[in-house]
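Morning, everyone. I'll take you through one model today, a few places at a time. Please have the viewer open.

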Amino acid sequence: MSASIGLPRVMRIGGGAVAEIGSVVASLGFSRPLVVTDNFLVCTGAAATMMKALESAGLSPYLFDGTVPDPTTASLEVGLAALSAHEADSVIGFGGGSPMDTAKALALLGLQGGHMSHYKAPRNNTGPALPIIAVPTTAGSGSEATQFTVISDSVTEEKMLCPGLSFLPVAAVIDYELTMTMPARLTADTGVDALTHAIEAYVSKKANPFSDSLALVAITTIGKVLRRAYLDGNDIQAREQMMLAATQAGIAFSNSSVALVHGMSRPIGAHFHIAHGLSNAMLLPAVTAFSVHDAESRYADCARALGVASVEDNDEVASKRLVEELAQLCRDVQVPTPKDYGIDSAKWQKLIPLMAEQALASGSPGNNPKIPTDAEIRDIYAQIYN
């Protein structure tokens, strides 16, 4: 059975690549990009630097810095007004996952209109959208190379997965130097997010040889350097390798799929406003333990790629070591439990049934090696609280 593969048309990768953003946009034939970013990158001066680079290339950019963490349908309205007022011919997502997700949503809504709920899974979006150029500043989401965006419904609080080639960037500029100022907590959360992408891409029911190769390479790299980047943010080699691994993991899951971790993670983010990478990290060890016996050889491959098992270890031993290592990694980078994060126990317990319902409705659990029941998802939510 064939696999359908989608990739950005242009990728610039390496230190200093962001300085080439003007030539990238111009070479694609665009002249009026809307730069979608957030207030943090405005305050650091990074947004101004990008605007200057675009203007120096003879382009007419406009800056929209109204992105919010975990973007909502309400937050898109101001962005759509800016897109229309500028008569933008392209959209640049500059920042972490939230600015890139916002840029993708604006690119589609700017041409097709409607409400983002019309575009959520299981709908596969292949219709017209403005061209997207993605410039990530964190080593985690992989959104610069994926055909997905995630937007929360401001009314229902559902965190909607919206898939399809309409959301695939036409170009990505991947510059690890943009990650050098990431604090340790963000480094950890986005790093475990990237590892989750790679593992889920590999064990997914939709895995294929193309996604497999990138997933395993990403797992190997992250296993070697994530702790280093977490402990020393000035470790240039670790930062560079994490940035590339995050993109490789993004390509892998974009051309395979994510699974139960992501299905369960989105409701946590929506209801408790926890960053996506952190909610993935809270879930990864428990979901892996739940799933491992239904794809023992695949999880064993992940363990060997991560460096915690050898080819001499049988699959049962290797997969067990993977579960142990994921728990240890989360301890080493101080991933909090929902309780440690400050989430009220009563509220958590009350929302478990709704979160389980929303997790199943997203479709992602159906890609998991072991497809869970509603009761099993509820049990995992209960397990990870303490």
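Start with the aromatics: ring pairs join F272, W348, Y381 and Y385 into a cluster. Keep in mind that this is a predicted model.

How many aromatic pairs are there by the ring-centre rule? The count comes to four. Take F148 and F253. Their ring centres are 5.7 Å apart and their planes sit at 15°, so this pair is stacked; the cut-off for stacking is under 30 degrees. Look at where the two rings come from. F148 is in strand 6, residues 148-152, and F253 is in helix 8, residues 236-254. That is 105 residues apart, so to speak a link between distant parts of the chain. Both F148 and F253 are buried.

Now a pair from the cluster. W348 and Y385 are tilted, with 5.9 Å from centre to centre and 40° between the planes. This pair also links distant parts of the chain. W348 belongs to helix 14, residues 345-361. Y385 is in the segment after helix 15, which spans 374-384.

R298 lies over the face of Y202, and the distance to the ring centre is 3.7 Å.

Next, strand 5. Why call strand 5 largely enclosed by the rest of the structure? Five of its five residues, 132-136, are buried, and therefore the strand is largely enclosed. In a regular strand, side chains alternate between the two faces of the sheet. Here, I132, A134 and P136 point one way. I133 and V135 point the other way. All of them are buried.

Which strands pair with strand 5? Strand 4, residues 90-95, pairs with strand 5 in the parallel sense, over five bridges. G95 stands opposite P136 of strand 5. To get from strand 4 to strand 5, the chain passes through helix 5, residues 97-112. This β-α-β crossover is right-handed. Strand 8, residues 171-174, also pairs with strand 5 in the parallel sense, over two bridges. There, A171 of strand 8 is the bridge partner of I133.

Now two loop residues. Go to N208, in the loop between helix 6 (184-203) and helix 7 (209-231). Is N208 buried or exposed? Its relative accessible area is 8%, under the 20% cut-off, so N208 is buried. A polar atom of the N208 side chain lies 3.0 Å from the backbone nitrogen of F210. Leaving out residues up to four places away in sequence, N208 touches A3, I5, N255 and S256.

Last stop, S154. S154 is in the loop between strand 6 and strand 7 (159-163). With a relative accessible area of 36%, S154 is partly exposed. What does S154 touch, not counting residues up to four places away in sequence? The answer is T72, T73 and A74. The S154 side chain makes a polar contact with the side chain of T72, at 3.4 Å. The S154 side chain also reaches the backbone nitrogen of A74, at 2.9 Å.

Terms used: Residues numbered from 1 in each chain as written. Predicted model: local features only at pLDDT ≥ 70, side-chain atom pairs only at ≥ 80, totals over all residues. Heavy atoms only, no water. Buried < 20%, exposed > 50% of the residue type's maximum accessible area, 1.4 Å probe, protein only. Helix = DSSP H or I, 4+ residues; strand = E, 2+ residues; numbered from the N terminus. Pairing = 2+ DSSP bridges. Right-handed = clockwise from strand over helix to strand, strands pointing away. Phe/Tyr/Trp six-rings, centres within 6.5 Å; stacked < 30°, edge-to-face > 60°. Lys NZ or Arg CZ within 6 Å of the ring centre and 35° of its normal. Polar contact = N/O pair within 3.5 Å; in protein donor to acceptor, adjacent residues only side chain to side chain. Contact = heavy atoms within 4.5 Å.
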